[in-house]
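Here's a quick tour of a model, helix and core included. Have the viewer open while you read.

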Amino acid sequence: SDWSSDVCSSDLHLRDESRAHSRVLCEVHATSDLDEAAIQLLQEPSETGDAGRDATGSFRDPDLLGHRYVGPYLAWGRGTQLVAVDAEGVAGYLLSADDTATFEAWAEETWWPPLRARHPRTEDDTPDGALIRELHAPERSDTALLADFPAHLHIDLLPRVRGTGTGRRLVERLLAELAARGGRGVHLGVDATNPNRSEEHTSE
């Protein structure tokens, strides 16, 4: 994938949006507050699993997306991991690591090996095949970027809560908690093919 990187300091002030979206539609919780069923739902393919587009029914193995993008953060068990919940259930999440280099080293040693054993490398030209190749060769963060922005975040919202301020609330909570832990800066990797990247990461 073609990735770009957005960076922000831990004292970032997000743009103040119209009060039209001031009504609270979602509650924000730490993932540790969720029950097992909600955690399972969080890790399943969703309406955003294909670079922000609907991935429902696209994968033969429904666990692959969760193993790749959600599971490592929940297993890591450190820092700020948040989920947005509305009346219909889980509506989005923000996952993060304060020290990206340490997180990536931990994942390489602990998280990826069992998944690689379960999913041998393949050249299969399917959504499953593409994710399996990522399990075997996950992208590593640029060390120059990490010097100033050692933390990173991953955010995903369902269409029903985009434009409601939910994304902004998730990011603001992360920034506050990161600053309290002495964090210097955080970066966000954005898939350039995601049609919702501007809305999801800046306007909410």
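## Helix H7

H7 has 15 residues, and from first C-alpha to last it covers 21 Å, close to the 21 Å expected at 1.5 Å a residue (the expected span being 1.5 Å times one less than the number of residues). Helices here are DSSP runs of H or I with at least four residues, strands are E runs of at least two, and both are numbered from the N terminus. Keep in mind that this is a predicted model, where local features need pLDDT of at least 70, side-chain atom pairs count only at pLDDT 80 or more, and totals for chains, interfaces and linings use all residues. Residues are numbered from 1 along each chain as its sequence is written, and side-chain values use heavy atoms, with hydrogens and water left out.

The helix runs over residues 166-180, with Thr166 in it. Thr166 counts as buried because its relative accessibility is 1%; buried means under 20% relative accessible area, exposed over 50%, and partly exposed in between, using a 1.4 Å probe and protein chains only. Other buried residues of H7 include Arg168, Leu170 and Leu174. After H7 comes Gly182, with a positive phi near 85°.

## The whole chain

The chain has 8 helices and 6 strands, running β-β-α-α-α-β-β-α-α-α-β-α-β-α from the N terminus. Of its 204 residues, 45% are buried. Among contacts (heavy atoms within 4.5 Å) with a separation of 6 or more, 75% link residues 24 or more positions apart.

## Two cores

What about the nonpolar cores, meaning sets of buried Ala, Val, Leu, Ile, Met, Phe, Trp, Tyr and Cys residues joined through side-chain atoms within 4.5 Å? The largest has 18 residues, and Phe103, Trp106, Trp111 and Trp112 touch the most other members. Two or more residues each come from H2, H3, S4, H4 and H5, with H4 giving the largest share, 6 residues. Setting aside neighbours within four places in sequence, Trp106 is in contact with Pro72, Ala75, Trp76 and Trp111.

Apart from that core lies another, of 17 residues, including Leu94 and Val171.

## Gly89 in S4

Gly89 sits in strand S4, residues 89-97. Gly89 is buried because its relative accessible area is 19%. Leaving out neighbours within four places in sequence, Gly89 contacts Ala84 and Arg160.
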